[in-house]
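Please study the structure shown below.

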There are 2 protein chains.
Amino acid sequence: MLSKKTKYGLKALTYIARSEADNPVQVSEIAKSEQIPQKFLESILLTLRKSGILSSKKGKHGGYYLRSEPSEIKMTDVMRVLEGPIAMVPCVSLNFYEKCDDCPDEDKCSVNKLMIQVRDNTLKVFRNTTLADLSEV
Amino acid sequence: MLSKKTKYGLKALTYIARSEADNPVQVSEIAKSEQIPQKFLESILLTLRKSGILSSKKGKHGGYYLRSEPSEIKMTDVMRVLEGPIAMVPCVSLNFYEKCDDCPDEDKCSVNKLMIQVRDNTLKVFRNTTLADLSEV
DNA sequence: TGTAATCCCTACTAAATTGATAGGATTAAT
DNA sequence: ATTAATCCTATCAATTTAGTAGGGATTACA
């Protein structure tokens with residue numbers, strides 16, 4: 001299941017992408033419009049900023065804005081920041097690989113085989129989708 | 001991330017499918033061979049039996065065996081029993097659909113759009129994979 | 001220069017889920 | 001009977017998730 005964090009994060013990014021204005025978008029505005037607890041959203045946007053997807057401006061009339069064009073923001077990056085590894089098991093993760101304690105031979109592991117396929121198909125979607133796609137009405 | 005329950009369950013099913021003998025396979029044997037806590041495995045196999053994927057024989061020389069041929073056991077069914085819904089959000093789940101509280105219009109929801117694609121690609125894998133595929137060396 | 005608005009940061013907490021464990025009841029083979 | 005297996009219920013500890021609290025730092029603007 002997708003975490004609320006990821007769900008809220010995606011919604012917030014979409015909201016920012018859709019907002020035409022040059023001004024940064026405020027947390028309070030997004031929280032209200034998307035029905036997200038404001039303090040929780042704050043921490044999510046902070047993560048997105050630290051990971052380089054968002055930038056921010058402090059102080060009055062401050063807020064968040066996209067660091068790049070929506071069409072340049074890939075779901076692979078967004079999902080890895082918000083949800084963590086895309087693979088369902090560490091032993092098939094490209095970016096967060098870890099060997100299983102129990103599994104003596106990955107090549108013979110049925111779980112490994114299956115999850116590689118799932119990973120590849122999910123990756124295909126995320127690599128082919130940008131924030132611009134999400135923001136289309 | 002895949003739960004241990006699912007991982008153990010898949011490994012156990014594979015083990016049973018690979019065991020050529022006519023005799024049912026005992027929990028203790030699987031637990032030892034696959035390094036799974038026995039009591040935990042018991043509860044997992046019980047779930048698989050209740051869902052109709054496994055059958056069992058009680059008492060001495062009892063154990064578990066597949067209810068159908070490995071090639072007839074689809075990953076869609078196994079995963080739904082072990083891991084729950086295949087979709088990452090209830091609002092795109094085929095078998096466990098639920099509307100989101102917050103989302104006024106699913107057609108306009110960016111999360112919904114994205115997760116439908118992920119679901120479809122994951123389903124494609126699970127529909128095309130049976131226990132026989134997992135059991136091949 | 002003061003004040004309000006905004007992001008930034010750390011720490012904490014409640015609820016849910018996960019990954020087991022415990023202890024016995026039931027069933028069947030010998 | 002004895003032994004070996006599944007079956008069943010309850011409980012528990014650890015982890016993760018979702019959210020809250022409280023204030024600090026920065027900026028715009030009157």
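This is a predicted model: local features need pLDDT of at least 70, side-chain atom pairs count only at pLDDT 80 or more; totals for chains, interfaces and linings use all residues.

Q: What makes up the secondary structure of chain A?
A: Helices (H or I, at least four residues) and strands (E, at least two) are DSSP runs, numbered from the N terminus. Chain A has six helices and two strands, and their order along the sequence is α-α-α-β-β-α-α-α. The C-alpha trace of chain A spans about 60 × 25 × 25 Å along its principal axes.

Q: Why is N112(A) called buried?
A: A residue is buried under 20% relative accessible area, exposed over 50%, and partly exposed in between (1.4 Å probe, protein chains only). N112(A) has 6% relative accessibility and therefore counts as buried. N112(A) is placed in helix α5 (residues 110–127) of chain A. Contact means heavy atoms within 4.5 Å; leaving aside residues up to four places away in sequence, N112(A) touches C91(A), V92(A) and E106(A).

Q: What share of chain A is buried?
A: Of the 137 residues in chain A, 47% are buried.

Q: Why is Q35(A) called exposed?
A: Q35(A) has a relative accessible area of 53%, so Q35(A) is exposed. Q35(A) is found in the loop between α2 (27–34) and α3 of chain A. The phi of Q35(A) is near 60°, a positive value in a residue other than glycine.

Q: Why does Q35(B) count as exposed?
A: The relative accessibility of Q35(B) is 53%, and therefore Q35(B) counts as exposed. Q35(B) belongs to the loop between α2 (27–34) and α3 of chain B. Although Q35(B) is not a glycine, its phi is positive, at about 60°.

Q: How do you know what span to expect for helix α1 of chain B?
A: The expected span of a helix is 1.5 Å times one less than its number of residues. Helix α1 (residues 4–18) of chain B has 15 residues and reaches 21 Å from its first C-alpha to its last, close to the 21 Å expected.

Q: What makes α1(B) mostly covered?
A: Twelve of the 15 residues of α1(B) are buried. Among them are Y8(B), G9(B), L10(B) and K11(B).

Q: Which residues come nearest to DNA strand D?
A: A residue is near a strand if one of its heavy atoms lies within 4 Å of that strand. Of the 27 residues around DNA strand D, K39(A), E42(B), R49(B), S56(B) and Y64(B) come nearest. The helix α3(B) gives the most to this surface, with five residues.

Q: What makes the pairing of K39(A) with DNA strand D a polar contact?
A: A polar contact is a pair of N or O atoms within 3.5 Å; within protein, one must be able to donate a hydrogen and the other to accept it, and residues adjacent in sequence count only if both atoms are side-chain atoms. A polar side-chain atom of K39(A) is 2.3 Å from a base oxygen of DNA strand D.

Q: Which residues are closest to DNA strand C?
A: DNA strand C is surrounded by 29 residues, the closest being E42(A), R49(A), S56(A), Y64(A) and K39(B). A polar side-chain atom of Y8(B) lies 3.0 Å from a phosphate oxygen of DNA strand C. For a side-chain N or O atom of Y64(A), the distance to a phosphate oxygen of DNA strand C is 2.4 Å.

Terms used: Residues are numbered from 1 along each chain as its sequence is written. Chains are lettered from A and ligands numbered from 1 in the order in which they are written. Side-chain values use heavy atoms; hydrogens and water are left out.
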